[in-house]
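Welcome! Please take a look at the sequence and the 3D structure shown here, and then follow the tour below.

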Amino acid sequence: MLDPRSEIYPSIEYRPIQPSDLEVLEKIHLSLFPIRYEREFFLNVVNGHGIISWGAVDTSRSDEGRDELIGFVTTRMIAAKDSEIEDLFRYNYSHKDLTLLYILTLGVVDSYRNLGIASSLVREVIKHAASVSNCRGVYLHVISYNQPAINFYKKMLFKLARRLPMFYYIRGQHYDSYLFVYYVNGGRTPCSPL
């Protein structure tokens, strides 16, 4: 792992998540998220079954971990009409085949935080969404008490679309969620002056 006192910065590369990442991906999710994911989710990620993902690795490591995940983002393409935010795109329903890219999970191991890895992963997601001609946005949920994540998505120019009361149920307690959207390919909020 990276020594935070080190003056040597890692050489980060981005690649698709692959089957050999399964155990590390599960381990990182377990350490970062309060929600427990089923094994099927991880198998779908590493095998690309309905999930588009990017991983970050530190190629400057001299040990056998130079291709080990240190960060990741997982996403799923969703038809806008099947999403919970289809009302934000109702103004443009001449296009029935509009899609959205939903960020399922985003994480970076603690020792590699504040190096721009999460920002780079989100930029990859936005770039991919913009390359899909009928995609109009990237969206995600953030639990209401996760202020660092809320600040991060605002810094990345995501727009707060709404607050969803009691969206999460974790360890016997309900939590609100914030829904953020980043518009691409001419997507925009219906109240936009444009």
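Leaving aside residues up to four places away in sequence, I126 touches V138, F158, Y182 and V184, where contact means heavy atoms within 4.5 Å. The model is a predicted one: local features need pLDDT of at least 70, side-chain atom pairs count only at pLDDT 80 or more, and totals for chains, interfaces and linings use all residues. Residues are numbered from 1 along each chain as its sequence is written, and side-chain values use heavy atoms, with hydrogens and water left out.

**Around I126**

- I126 lies in helix α3, residues 117-131; helices (H or I, at least four residues) and strands (E, at least two) are DSSP runs, numbered from the N terminus.
- With a relative accessibility of 13%, I126 counts as buried; buried means under 20% relative accessible area, exposed over 50%, and partly exposed in between, using a 1.4 Å probe and protein chains only.
- From C-alpha to C-alpha, I126 and V138 are 6.8 Å apart in space, and they are 12 residues apart in sequence.

**The sheet**

- An open sheet of 7 strands runs in the order β1-β2-β3-β4-β5-β7-β6, with mixed pairing; two strands pair if DSSP finds at least two bridges between them.
- Its edge strands are β1 (12-15) and β6 (159-170), each of which pairs on one side only.
- On average, neighbouring strands of this sheet are turned by 25° against each other, direction ignored; the axes are lines fitted to C-alpha atoms, for helices over the stretch in contact, and angles run from 0 to 180 degrees between N-to-C directions.
- Strands of a sheet pair through backbone hydrogen bonds, either parallel or antiparallel.
- Over 9 bridges, strand β3 (residues 69-79) and strand β4 (residues 99-108) pair in the antiparallel sense.
- M77 stands opposite L101 in β4.

**Helices on the sheet**

- Helix α1 (residues 22-32) packs on the sheet and touches β3 and β4, with its direction at about 90° to that of β3.
- Helix α4 (residues 147-155) lies across β4, β5 (135-143) and β7 (173-183), and runs at about 160° to β5.

**A buried arginine**

- R136 lies in strand β5.
- R136 is buried yet has no salt bridge, and the nearest side chain of opposite charge, D97, is 6.9 Å away.
- A salt bridge here is a side-chain nitrogen of Lys or Arg within 4 Å of a carboxyl oxygen of Asp or Glu; for charge, Lys and Arg count as positive and Asp and Glu as negative, while His and the chain ends are not counted.
- A polar atom of the R136 side chain lies 2.8 Å from the backbone oxygen of S133.

**Positive phi angles**

- Most residues other than glycine have a negative phi.
- L157 has a phi near 70°, a positive value in a residue other than glycine.
- L157 sits in the loop between α4 and β6, and is exposed, with a relative accessible area of 55%.
- M166 has a phi near 50°, also a positive value in a residue other than glycine.
- M166 is found in strand β6, and counts as exposed at 55% relative accessibility.

**Around P19**

- P19 is found in the loop between β1 and α1, and counts as exposed at 51% relative accessibility.
- P19 touches V46 and N47, not counting residues up to four places away in sequence.
- The C-alpha atoms of P19 and L43 are separated by 7.8 Å, although the two residues are 24 residues apart along the chain.

Terms used. A polar contact is a pair of N or O atoms within 3.5 Å; within protein, one must be able to donate a hydrogen and the other to accept it, and residues adjacent in sequence count only if both atoms are side-chain atoms.
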